[in-house]
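Student: I should like to learn how to read the features of this model in order. May we go through them together?

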Amino acid sequence: AEQISQGKMDIHLDNQSADEFGKLAGAFNSMTEAINEQIQQLGHQYQQTAEAREAAERASDAKSAFLASTSHELRTPLNAVINYTRLIASGHWGNVSHEQESALHTITKNGRYLLNLINDLLDMSKIASGSLEIFKSDVDLNGEIEEVIKIAEGLIETDDVQLITEIDPNLPPFVGD
C-alpha cells in the first residue's frame, strides 16, 4: 500500500491464498491495473489534446494569414476605385452633372465603407496575433448617421419603401476607434 501510494504501480502482489490477505492482495492488484489503464488512457487523451491544439493553432495561423493577405489584396483595387471616382466627381476629366456628382460621392462613400470592413478583417487578424493598436479619435456622430442613411436610401431606392429619420442635430461628442 505504501509503494502504491508513492506511485509504484508496477508491483504485483501474490494472491494465491484464499484468506483475507489473499483477497486484499487481489484487490490491490485490480486497483493497480485499473490505475495503470487510467494513466495510459490519460496519456493518450493528453497526446490527442496536444495534437488537436497544435492543429487548431496551425488553422488559426492560416486563417490569420489568409485574412491579412486577402485584406491587402482587396485594399489596392478598392483604393483605386475610390480615388478614380473622386477624380471623376471633382471634374478632373470633364464636367459632371449634379446627379452624376452625387452618385459618384455615394460610390466613394460606399467604397470607404468597404475599405473599413476590410480594415476590420485586418484588425481581426491583429487581435488574433495580439498586435492590435487602438486609435482613439473624436467621431462626428451626425456625419456617421448621415452616411448610414445615404447607404440605406441607396439600398431601398427601387423598393416601395420610405425612410423617415428624426435625428437630434446636437448629439453629444463621441470618442471611438
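Student: Which residues does L132 touch, not counting residues up to four places away in sequence?

Tutor: Contact means heavy atoms within 4.5 Å. On that basis L132 touches D123, K126 and I127. Please note that this is a predicted model, in which local features need pLDDT of at least 70, side-chain atom pairs count only at pLDDT 80 or more, and totals for chains, interfaces and linings use all residues. Residues are numbered from 1 along each chain as its sequence is written, and side-chain values use heavy atoms, with hydrogens and water left out.

Student: Where does L132 lie, and how far apart in space are L132 and G26?

Tutor: Helices (H or I, at least four residues) and strands (E, at least two) are DSSP runs, numbered from the N terminus. L132 lies in the loop between α3 and β1 (137–139). L132 and G26 are 61 Å apart, C-alpha to C-alpha, and 106 residues apart in sequence.

Student: Is L132 buried, exposed or partly exposed?

Tutor: Buried means under 20% relative accessible area, exposed over 50%, and partly exposed in between (1.4 Å probe, protein chains only). L132 has 29% relative accessibility, so L132 counts as partly exposed.

Student: How does one check the span of α3?

Tutor: The expected span of a helix is 1.5 Å times one less than its number of residues. For the 32 residues of α3 this gives 46 Å, and the end C-alpha atoms are 46 Å apart, which agrees. After α3 comes G130, whose phi is positive, near 80°.

Student: Which residues of α3 are buried, and what does their cover include?

Tutor: The buried residues are L104, T108, G111, L115, I118, L122 and S125. Their cover includes α2. In helix α2 lies S71, which is buried at a relative accessible area of 0%. S71 touches I118, L121 and L122, not counting residues up to four places away in sequence.

Student: How many aromatic pairs does the structure hold?

Tutor: Rings of Phe, Tyr and Trp (its six-membered ring) pair if their centres lie within 6.5 Å; planes under 30 degrees apart count as stacked, over 60 as edge-to-face and the rest as tilted. The structure holds 1 aromatic pair. The ring centres of Y84 and W93 are 5.9 Å apart and their planes are at 20°, so the pair is stacked.

Student: Where is W93 found, and is W93 buried or exposed?

Tutor: W93 is found in the loop between α2 (20–89) and α3 (98–129). At a relative accessible area of 53%, W93 is exposed.
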